[in-house]
Amino acid sequence: MGWGAPAACAPSQRGRAMSDISAIDHGQEASFGDYVQLLKPRVMSLVVFTAMVGLIVAPVAVHPFVAFTAILFIALGGGASGALNMWYDADIDRVMRRTQGRPIPAGRVSEGEALGLGLALSGLSCLMLGLATNWFAGAFLAFTIFFYVVVYTIWLKRLTPQNIVIGGAAGAFPPMIGWAAATGGVSVESLLMFALIFTWTPPHFWALALFMKDDYSKAGVPMLTVTHGRAVTRRHILVYTVLLAPFAIALSLSSIGGPVTLAAALVLNALFIRGAIRVARRDEAVAEADGYKAEKALFRFSLGYLFLHFGALLVETSLAPLGLGGW
Ligand code: HEM
Ligand SMILES: CC(C)=CCC/C(C)=C/CC/C(C)=C/COP(=O)(O)OP(=O)(O)O
């Protein structure tokens, strides 16, 4: 496994001055929707869902208003990190087809505006989460934003094909933040939720990268598909999907799991591994000819996998008052 991008794939450099590429140059009006888009609402919806589950399944009752406030500010913090990511990545977003329509590359929002919004919402969300729950949770949110923006986006994304493995930790922290908001600390259960998302992220992202390779190579981003090719990426997907299963099962056997979660873990992981084996075995020419059907299906399945897994934890907790659910 290599570390660092080969010379043929030099990482993108952010060489331009911020003012060169502002919305003013394009003279386009930004709508409210553009500012919402800066917060990456679709991706963040699942992030926020996992944080909400982390908060609800924690063994400490939280007043519904406090719980609502906590989720709101975790969502805002996640959105803020998305705006800061779009601010820094504007140069590569301009090159990739998938991201060209985003508010900054499309010229409707300036980089300065995205930076200002991201910083303001980051500060506000961490402060308010700290005030509404506890300072450990507030600081954890701040650390997660820092990890996504500085460690992943600014540092690793353009440096190494392991970018999303290490940087993916940022996306795995939210259930721990939810748990911390309720309990003020960390536990085996919250670490298992982290481990589940951490090992889920590589298959989630690399499945997408398999059918987006041209975008990343055009932008000079050293994603595994670009630096090591698709065959290697296919094998890496399978390795992480297999590694994911024990964490999913351990979580279902933990104090927040139960029969529903165990059944979900067995079915979902069997299906995920089956999909990953199919993708690992695929010949590139065959995949290209059929429009990367199996790879697209695996990416979609990854989203359902995480939603259903965390949904099962929620069901387990909801059944507890009825004397059902849990061990
Ligand atoms: C470093 C880690 C991750 C990377 C690199 C990554 C990458 C991506 C990319 C590139 C897309 C396509 C997005 C688009 O076109 O707007 C995507 C979609 C998505 N990701 Fe991730 N992801 C990561 C972690 C996560 C995590 C932790 C979650 C949730 C817990 C998540 C949830 C989603 C969702 C829900 C979508 C679909 C969005 C849609 O419907 O447009 N991702 N991911
Ligand atoms: C609460 C909190 C702060 C949560 C942060 C959660 C988090 C780190 C989510 C990461 C998900 C994500 C959009 C990755 C995209 O990678 P990319 O930025 O390389 O994708 P792109 O090419 O679509 O911009």
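Predicted model: local features only at pLDDT ≥ 70, side-chain atom pairs only at ≥ 80, totals over all residues.
Residues are numbered from 1 along each chain as its sequence is written, and chains are lettered from A and ligands numbered from 1 in the order in which they are written. Local features need pLDDT of at least 70, side-chain atom pairs count only at pLDDT 80 or more, totals for chains, interfaces and linings use all residues, and side-chain values use heavy atoms, with hydrogens and water left out.

H204 belongs to helix α11, residues 188–210. Helices (H or I, at least four residues) and strands (E, at least two) are DSSP runs numbered from the N terminus.

Around ligand 1 stand 20 residues, of which R42, R98, T201, H204 and F205 are the closest. A residue counts as near a molecule if one of its heavy atoms lies within 4 Å of it. Helix α11 gives the largest share of this shell, 6 residues. By class the shell holds 13 nonpolar, 4 polar and 3 charged residues. In this scheme Ala, Val, Leu, Ile, Met, Phe, Trp, Tyr, Cys and Pro are nonpolar, Asp, Glu, Lys and Arg are charged, and the others, Gly among them, are polar.

Polar contacts are pairs of N or O atoms within 3.5 Å. For ligand 1, a polar side-chain atom of R42 lies 2.8 Å from an oxygen atom of the ligand, and one of R98 lies 3.1 Å from a ligand oxygen atom. The elements that give two or more residues to the shell around ligand 1 are α3, α11 and α17 (293–319).

Ligand 2 has 19 residues around it, and K40, N85, R102, Y152 and K157 come nearest. Which distances separate its oxygen atoms from the side chains of N85, R102 and Y152? For N85, an N or O atom of the side chain is 2.8 Å from an oxygen atom of ligand 2. The corresponding distance for R102 is 2.7 Å, and a polar side-chain atom of Y152 lies 2.5 Å from an oxygen atom of ligand 2. The elements that give two or more residues to the shell around ligand 2 are α3 (41–57), α4 (64–88), α7 (135–156) and α9 (169–172). This shell divides into 9 nonpolar, 6 polar and 4 charged residues.

Notes
Polar contact = N/O pair within 3.5 Å; in protein donor to acceptor, adjacent residues only side chain to side chain.
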